[in-house]
Amino acid sequence: MATAPVVPEISVAPSRYEIPQAFSLVIFGASGDLTRRKLFPALYALAHDKLLPERFAVIGFARREMGHEAFRAEMRAAVDEFSRLRPVQTEIWDRLAGGIYYVQAAFEDPAGYEALGKQLAELEARYGTCGNRIYYLATPPASYPTVVAQLGAAKLVSEPWPELSSPDWPCWSRVIVEKPFGRDLATAAALNVEIHKVFHETQVYRIDHYLGKETVQNILTFRFGNSIFEPLWNRRYVDHVQVLVAEDLGVEGRGGYYDTAGAVRDMMQNHMLQLLSLIAMEPPATFDAEAVRDEKVKVLRAIRPIDVARVAELAVRGQYVRGTARGKRLPAYADEPRVAEDTTTETYAATRLEVDNWRWAGVPFYLRTGKALPKQVTEVTIQYRRPPLRLFEHAPHPGHKPGDEIEPNRLTLRIQPDEGISLRVGLKPPGPRISLVPARLGFAYRDTFGVDPAEAYERLLLDCMLGDSTLFIRRDEVETAWGLVTPLLQAWESAGRDGLAYYPAGSWGPTEADRFIQSAGRAWVNP
């Protein structure tokens, strides 16, 4: 007779940390890449940092045939490979592994949910998790409605009232939904309807891993915790804002997915609009989840709708052709596996948005993203206005040409890699002349705090365990964001190849994008 696994008892963290209540985590799509690369390494890191409750259970749910021990072994191998905390400490892993189980079933099979219910009941009795459950949808997006409907039919979701009021209710249920959340406004709204048939909005945690990154969270603390910057954070002092998400890889075997998505759906609708809303939002009354998300939604609603008739003036789309990136030869996107020969999918997109409110009227926000660019980097650049009068010479420096104007101040928030913040200012160089050269004042996360920042999924999983939805996307946020980009997508789909620009892999994008921003007297900031 098999010996029952040891009940996991993770040590309680110091009192400055809040520890979640006992709970069970069910991961649908547990045999997939997300679970291996992100979710279990994050769970291990939380256990290592003593941020998990003493008693909890993890149940993997997937189609692949596998037993409990095989699943534990596979997840241990994943943590060994992908954890930021290596080598893995066997004692910590063994405590975590004692609460790991597996249910094999198809997502549409009611018998699988019956087996899941029995497994949950058994573990809840053994571990005292009080019926508290988190369901993580790490499945293909097409399976989201199926899994949610089956959970509802099997009566595996508790009523939402504990989320709304009394702490005396015996249990709670939450669901984490991965992106992409729909592929346009209509499909996102329809998916929300399906989810809300089973889960109340207070139980739904739409995850955007960018919001779990330390420097993204630092945007708010940097803005509202330092009085020298917030007074300058407006149209009077800011010339424009650039948000860049650059990838130096091609589609890396994901052509089948990417050719149905493209750069706008993959990056701009979610990550980049989230960054824009954090940069442009007003100070919330409190740092309560709803207060913060209210202000973000106000920004999204203030963005001027994209006029379909003026798309060529407001946006550029591109597609990479053969070239060299990171010293590696890349084929043209159209030649990538599982990409249609006549594809018109954009691998590069740049657009100019206007936030029509009192703070930002007249300040353009430029969003730019692309694959097969020279560098992997995500950063926000706030460029300030030039001084009104040229009092000093512009001292020669690399890249300077005679007649160049004094370079404006720039505040750069680096999200990844090498998380940090820098400010470009003008300083006098040594010598008798009064002149200016640009210099950087900077903060690097690793140098300042002596550690690498935690992975985004660690923070977001912990927040969901605690019931804190501040860094998750609310229904009106996701629908408003889709409402902004859907006209752009529709215009490009109608245009076919007309207006599609091309750029060699390893470059910063098509020349049309350079002309696009130069027409306003500005230039891209390339790291």
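Reply: A disulfide is a pair of cysteine sulfur atoms within 2.5 Å. By that rule the count of disulfides is zero. Take C171: its closest cysteine sulfur belongs to C130, and at 8.7 Å that is too far for a bond.

Some ground rules come next. This is a predicted model, in which local features need pLDDT of at least 70 and side-chain atom pairs count only at pLDDT 80 or more, while totals for chains, interfaces and linings use all residues. Numbering starts from 1 along each chain as its sequence is written, and side-chain values use heavy atoms, with hydrogens and water left out.

Now the sheet. Helices (H or I, at least four residues) and strands (E, at least two) are DSSP runs, numbered from the N terminus. Two strands pair if DSSP finds at least two bridges between them. Six strands form an open sheet in the order β3-β2-β1-β4-β5-β6, and the pairing is parallel. β3 (100-104) and β6 (204-206) stand at the edges with a single partner strand each, so one side of each has no neighbour in the sheet. On average, neighbouring strands are turned by 20° against each other, direction ignored. Axes here are lines fitted to C-alpha atoms, for helices over the stretch in contact, and angles run from 0 to 180 degrees between N-to-C directions.

Move to β4 and β5. Strand β4 (residues 133-137) runs parallel to strand β5 (residues 173-177), and five bridges join them. Contact means heavy atoms within 4.5 Å.

Five bridges join β1 to β4, in parallel. Within that pairing, S24 has R133 of β4 as its bridge partner. Six bridges link β1 to strand β2 (residues 56-62), again parallel. There F28 has F61 of β2 as its bridge partner. The chain goes from β1 through helix α1 (residues 33-48) to β2, a right-handed β-α-β crossover. Right-handed means that, with the strands pointing away from the viewer, the path from the first strand over the helix to the second runs clockwise.

Helix α14 (residues 456-466) is mostly covered, with nine of its 11 residues buried. Among them are Y457, L460, L461, L462 and M465. The buried residues of α14 pack against β1, α1, β4, β5 and β6. After α14 comes G467, whose phi is positive, near 80°.

Last, a residue in another helix. H271 lies in helix α10 (residues 263-280). At 1% relative accessibility, H271 counts as buried. Leaving out residues up to four places away in sequence, H271 touches K179, D208, H209, Y210 and D266. With D208 there is a polar contact between side chains, at 2.6 Å. A polar contact is a pair of N or O atoms within 3.5 Å; within protein, one must be able to donate a hydrogen and the other to accept it, and residues adjacent in sequence count only if both atoms are side-chain atoms.

Definitions and conventions. Buried < 20%, exposed > 50% of the residue type's maximum accessible area, 1.4 Å probe, protein only.
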